[in-house]
Amino acid sequence: MGRPLHLEPALGDRLLSLLRTPGLLHLLTGALGSPLNVLVPDQIAENLARFRSVYRRHRLSGQIFLAHKANRSSALLRRLAATDAGVDVASLGELRHALGAGFGPDRIMATGPKNPEFLWLAARAGVTVGVDSAGELDRLAALVGRHSLARARVLLRLSGFEAPGVRVLSRRSRFGSPVRDLDTLLERLEQHAGAVELTGVAYHLDTTSLSEKATALESCLTALETCRSRGLRPRALDIGGGFGVSYLADRRQWEEYTTQLTEAVLGRRPPLAWQGHGYGLRNEAGTLRGTLGLYPAHRPVAGERYLDELLARPAASFGGRPLAALLLEHLYDLYIEPGRALVDQCGITLAKVLEVRQAGADGAAAVRLAMKADDMALEKHGVLMDPVVVPRDGSGPRDAAGPVAVHLFGSLCLESDLVTRRTVFLPCRPEPGDLLAFANTAGYAMDFHAGRAQHQPVARKVAAWQDGGTWRWCLDEEYWPTMSAEGPQ
Amino acid sequence: MRYDSITEAIGNTPLVRIDPAVTGLAHIDLFAKLEMLNPFGSVKDRTAWHMARPHLTDAVAHGSRIVELSSGNTAKALAVIAGMHGLSFKSVTNRMRVPEIKDLLLLLGAEIEELPGQSECLDPTATDDPLTLFHRALAESGSEYLHTDQYFNPRNTEAHLNGTGPEIVKDLDGRAPDWFIACVGTAGTSAGVARVLREHDPGVRVVGLVGAKSDFIPGIRTIDEVQEVGLFDPETYDSMASVSADEAIEGMLTLIRRCGILAGPTGGGAYSGAVRHLREADARLTERRTAVFVVCDRVESYLSYVKQRRPDLLGRPRRKHSPADVTAAEALSAPAVGVAQARRWIAAEGPLVVDLRSPFAYAALHIDGSVNIVDELFEELLRGGLPFSRSRPVLLACPVGEKSARYAALLRRMGHPDVRSLAGGIVAWRDAGAPLVRD
């Protein structure tokens, strides 16, 4: 079995306080079933303020848009509507949700693949449209003409960036127009001048690499200059999101775990996961191959600090001046679209323990939860984190014999329904009726993958907030900012 | 010594004893193997030359291009060797984090490709490592490549088996040292040297040093990263230990300032790791012992690395007339004019309008009739005194009116009677709807 390896979650004040209120958590799951998602909408306003402080430090103006796709919660969106932030919507449903939550068109950006209905409502409502290709620009212009709509504000999403000197490679993206074809794209835009108005350009790169993003940003500054030289008046540069979250409390635990995983894959210690799974690593003749398919769960620089570092990067083609200084000097607004980072610490997922079986040959007990693996998708995103045990009411103090190894199975009649493949070490042996709380699941882990396989329910959502020293709650869809003590009354 | 080609000067590097007063070791003579004195600057000159040499004639005949996964010294040596033979060279890397090394490689004529970072929205099913993708790209390209493959090529180890190892034994009068300590990058040096030394004396203890996981030391791998190296065999080492970036820099400082050895951070790490490891054994010894560590390369390419980690080491004295000397209170009380007032002033008295933004921003949009002196240049100019006549009023403009206030205060202090800052800067000017032009 090897000695216990822990990956303790980083817990902010709100989540910590919630987890110290076991009575409420059991009451909620008792009434609303397991699994259950609990959101703390006030946290999103605090996260927003941290991003704003980076803007202030660099004297930058411009909008911060929540990437709605990270979570379908109404409470988070409505709480955000009560701030000055915007929202980035990527479907007709998300757009309707944003309009209904109180966002005006000047605070909404429509991005991603668009069907005609989505494009029409975006143009009709007057939200800014992030245009993916020349074809989409044509479709938007035709729609505006045919339905006699007002000129649509557009951002051109670019891709395929290059920097002078060092060639920075990026994974190929299915989105955006190649920056080398910018002139053709701008000609198209000028032909549609009566129907669309250029707000600026955008990029969104799916990478953790700062230098790839810095290259894209620098390249977009040059693209904006090309726009200006053609007599266009762009005002904004949209740099997307991907600022990341640091999930774990302790760097050493993360380093120790990944080292031990390497050893396990090379066969130098017992496996760390169900059936010796290596999370993408494999052993080829004693040499480690493959790539670790895990999210870097402890990140020294994530969220607003990542943005800060990106903005401080020098731009080689602009005399080495920092990107933030260049944005400011060129009078551009900076748009960002954080998803995961803006909903950091905004919620937890609860699941009830149904059964605990004796340890198998590998020394780990089998714990079956009232949830499917897709109800809590941290594992799907490669995030490894220990759940917190919330013992059922009145079950008394637990035997403190030390950590217990378990495997966490879901409720589907399917071999592969594992909540995590990792062998998890819990501080005590869980008992049926206990809850396991998975922390920090609001970003992509609550509803992005959840389905109703085998007629099993998907988790409900509740919103919770603190009123004085007391936690109050309501169903997610019933939440409005008037309820929250910290929101406007 | 006379040679026909610079490549003949590779190898036969000196073994220099470190003064015991510096190491503090009473019974152990610690020797530095100065691989930094190879002609292209590092231990990798041996590896690169030994790996490339047998294939050069063929490569020249086919017009091949040399490629290697390298973030520094191997790339440097291969770039030079490629250039000498009329070949081109491409380095592919995701680890090149020291800007001077990039610049140097570009200067040597190398092409650099940086591999993409990890996906933020992870796809756990995409488990192909950068190495696999790299090999696939080589196979698909159709053009001729000479891939030296330093992490797997046995000739990397062989270079040290034939060169570095025997040289150490020869310089120690035919004996192997009691300890050999090296940082692990491709593992070629330690594997090759260890084998030679053990043949002479099976009792030699080999210590491999790796970087601490959260740290970055150029040229060394962390304990997990070494597992990806084909030449790495845990059996080579009697023990593995990690060194931190701080230890590497401290060791480097000791070698530079006290021993006259201008080592880079890897050499510094090897020194610190060696002394730390030997100190314990030294306390128990009564007879004399010897130990050897490797100084891989030189310090010059790592100045920005040092500056980032230990800015105190590169501190410069403050110069006069610096905007940094202006206090916040001084900047606040510097004379400033709003947009409307500024426009009237420009129309009535025609002050010199100085735009402190970068030339790129200035070229895009600026106040008509203004002069562009970017702040960095302006700061330099002011060190020499006032750059304009006291009789000419001056309006300073920057993006938001912050830098201009600072400079206005400084110019006032330097004796200019009528300098003002544009309150709110060019942003306020634009927001007020005042005209901005392109020339």
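Visitor: Which residue follows α5(A), and is its phi positive or negative?

Guide: The residue is Gly102(A), and its phi is positive, near 110°. First, some ground rules. This is a predicted model: local features need pLDDT of at least 70, side-chain atom pairs count only at pLDDT 80 or more, and totals for chains, interfaces and linings use all residues. Residues are numbered from 1 along each chain as its sequence is written, chains are lettered from A and ligands numbered from 1 in the order written, and side-chain values use heavy atoms, without hydrogens or water.

Now the helix itself. α5(A) spans residues 92-101. Helices (H or I, at least four residues) and strands (E, at least two) are DSSP runs, numbered from the N terminus. The buried residues of α5(A) are Glu94(A), Leu95(A), Ala98(A) and Ala101(A). They line one face of the helix, because they fall within an arc of 130° seen down its axis. That arc is taken from the directions of the C-beta atoms from the helix axis. An α-helix has 3.6 residues a turn, so residues three or four places apart point the same way. On the other side of α5(A), Arg96(A) and Gly100(A) are exposed. Buried means under 20% relative accessible area, exposed over 50%, and partly exposed in between (1.4 Å probe, protein chains only). The cover over the buried residues of α5(A) includes α4 (74-81), β3 (86-89), β4 (108-110) and α6 (116-125) of chain A.

Next, the whole chain. Chain A is divided into domain 1 (13-40 + 345-478), domain 2 (42-244 + 298-335) and domain 3 (251-290). These bounds come from an automatic or database domain assignment. The C-alpha centres of domain 2 and domain 3 of chain A are 39 Å apart.

Then the partner chain. In the interface, 52 residues of chain B are in contact (heavy atoms within 4.5 Å) with 57 residues of chain A. The area buried between the two chains is about 4400 Å², and carbon and sulfur atoms give 51% of it. That area is the accessible area (1.4 Å probe) the two parts lose on being put together, summed over both. Four salt bridges cross the interface of chain B and chain A. A salt bridge is a side-chain nitrogen of Lys or Arg within 4 Å of a carboxyl oxygen of Asp or Glu. Arg438(B) and Glu225(A) meet in a salt bridge at 3.0 Å, N to O. On the side of chain B that touches chain A, the elements giving two or more residues include α5 (99-107), α6 (130-140) and α15 (375-383) of chain B. Arg321(A), Glu329(A), Asp375(B), Glu376(B) and Lys403(B) are linked in a network of salt bridges.

Over all chains the structure holds 56 salt bridges. One of them joins Lys461(A) to Asp447(A), with the closest N and O atoms 2.7 Å apart. Lys461(A) lies in strand β22 (residues 460-467) and Asp447(A) in the loop between β21 (435-439) and β22 of chain A, so the pair ties together parts 14 residues apart in sequence. Both Lys461(A) and Asp447(A) are buried. In contrast, Arg252(A) is exposed, at 58% relative accessible area. The side chain of Arg252(A) meets that of Asp250(A) in a salt bridge of 3.3 Å, N to O.
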